[in-house]
Amino acid sequence: MFLTKKGFRKILILVICYFSLGSIFIFASILFNSIGFSDKFLLVLGLILYLLCILVFFWGRYAEGKGLIINLGNKLVRNELKPAEFIEYYENLKNSKDLVVNKPSLEVLQLVVVAYDSLDNKEKAITTADEIIKTVKNKRKNFAKLIKVSLLYSYDRIDEAEALFNEVQRQKIDFACINLVDTILKSDRAMVMGDYKTVEINSLKMLERSFPKLDNLGKLAVNYRLGEVYEKLQDKEKAIFHYQYCVNFGGETAIRKTALEKIQDINQYFLDSN
């Protein structure tokens, strides 16, 4: 939650407007009653507007303090593939002196992790994942730990990943965690354990899935994973096909550069072999 003074003023103005309008309706109802005209509609409408003051406050607090940055993060990181631009925005906002509330949420920090990961900044991604674990409470802590587990597997830190993964699975986990555990088992963990067939089947299903449909970063990550799978399986054509997708549609991520290097390495390997 990063609520600026400007955002707080906007919320306050809306609340005052609703409160003032409610007061006008209630006063009008009382006035009509005093001259012999009973009008309960105005009274009820006024009370409803009073109730909306509370709803507007909390909705505005979410929209201004969390919704805006989440929407921007999804746009820049997941769709436009400009992770560095989002990180710069996030850092400037987090360090701003104009904040009324400075308390990062799981959703925002998760976007930061994804941004750092897509820039291949492993250290920052892990540090942010640790920050998520420290920030969240209760049942959401398991979800935060699974975010770190996914990173650890993808960075080949298998022992750390296994220890944390087993710790989470020993606990009672909710539906969101169950889904994430399943994803990890069929992707990051399967990949480092050499179960390439499972990764291939799962990745191809994800690309074909119509709901929920993969965003641009999702397509990029899955294609890169398939490139790695086919490279391991010595299928040059398929590996290059998926890496080329990453080169063509990698945006400003590190995946684009890495995929290009992979294509060059594969071609060089086959040249040397022949």
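This note sets out points on the structure for a reader new to it.

1. Basis of the model. The model is predicted, and local features need pLDDT of at least 70, side-chain atom pairs count only at pLDDT 80 or more, and totals for chains, interfaces and linings use all residues. Residues are numbered from 1 along each chain as its sequence is written, and side-chain values use heavy atoms, with hydrogens and water left out.

2. Nonpolar cores. In soluble globular proteins, nonpolar side chains tend to be buried together. A nonpolar core is here a set of buried Ala, Val, Leu, Ile, Met, Phe, Trp, Tyr and Cys residues joined through side-chain atoms within 4.5 Å. Buried means under 20% relative accessible area, exposed means over 50%, and partly exposed lies in between (1.4 Å probe, protein chains only). The largest core holds 60 residues, and Ile69, Phe86, Ile132 and Leu146 have the most contacts inside it. Its largest share, nine residues, is supplied by α4; helices (H or I, at least four residues) and strands (E, at least two) are DSSP runs numbered from the N terminus. Another core, of seven residues, lies apart from the largest one and includes Met1, Leu3, Val15 and Val56.

3. Surroundings of Ile132. Contact means heavy atoms within 4.5 Å. With residues up to four places away in sequence not counted, Ile132 touches Leu106, Leu109, Gln110, Val113, Ala144 and Ile147.

4. Aromatic pairs. Six aromatic pairs are found in a search of the whole structure. Rings of Phe, Tyr and Trp (its six-membered ring) pair if their centres lie within 6.5 Å; planes under 30 degrees apart count as stacked, over 60 as edge-to-face and the rest as tilted. One of the pairs joins Phe2 and Tyr90 edge-to-face, with 5.8 Å from centre to centre and 80° between the planes. Because Phe2 belongs to strand β1 (residues 2-4) and Tyr90 to helix α3 (residues 83-94), this pair ties together parts that are 88 residues apart in sequence. Phe2 counts as buried at 2% relative accessibility, and Tyr90 counts as buried at 2% relative accessibility. Tyr153 and Phe165 also pair: their ring centres are 5.9 Å apart and their planes stand at 90°, so this pair is edge-to-face. Tyr153 lies in helix α6 (residues 140-154) and Phe165 in helix α7 (residues 158-169), so the pair ties together parts that are 12 residues apart in sequence. Both Tyr153 and Phe165 are buried.

5. Glu200 is found in helix α10 (residues 196-208) and counts as buried at 8% relative accessibility. Leaving aside neighbours within four places in sequence, Glu200 is in contact with Leu226, Val229 and Tyr230. Asn202 also lies in helix α10 and is buried, with a relative accessible area of 15%. Asn202 touches Lys186 and Ser187, residues up to four places away in sequence not being counted. The C-alpha atoms of Asn202 and Leu226 are separated by 9.8 Å, although these residues are 24 apart along the chain.

6. The loop between α10 and α11. Pro212 is found in the loop between α10 and α11 (216-232), and the peptide bond from Phe211 to Pro212 is cis, with omega near -10°. Leu214 is found in the loop between α10 and α11 and is buried, with a relative accessible area of 14%. Apart from neighbours within four places in sequence, Leu214 is in contact with Met206, Leu207, Arg209, Lys219 and Val222. Leu214 and Asn79 are 10.0 Å apart in space, C-alpha to C-alpha, and 135 residues apart in sequence.

7. Positive phi values. Asp120 is not a glycine, yet has a positive phi of about 60°. Asp120 lies in the loop between α4 and α5 (122-135) and is partly exposed, with a relative accessible area of 44%. Gln234, a residue other than glycine, has a positive phi near 65°. Gln234 is found in the loop between α11 and α12 (236-249) and counts as partly exposed at 49% relative accessibility.
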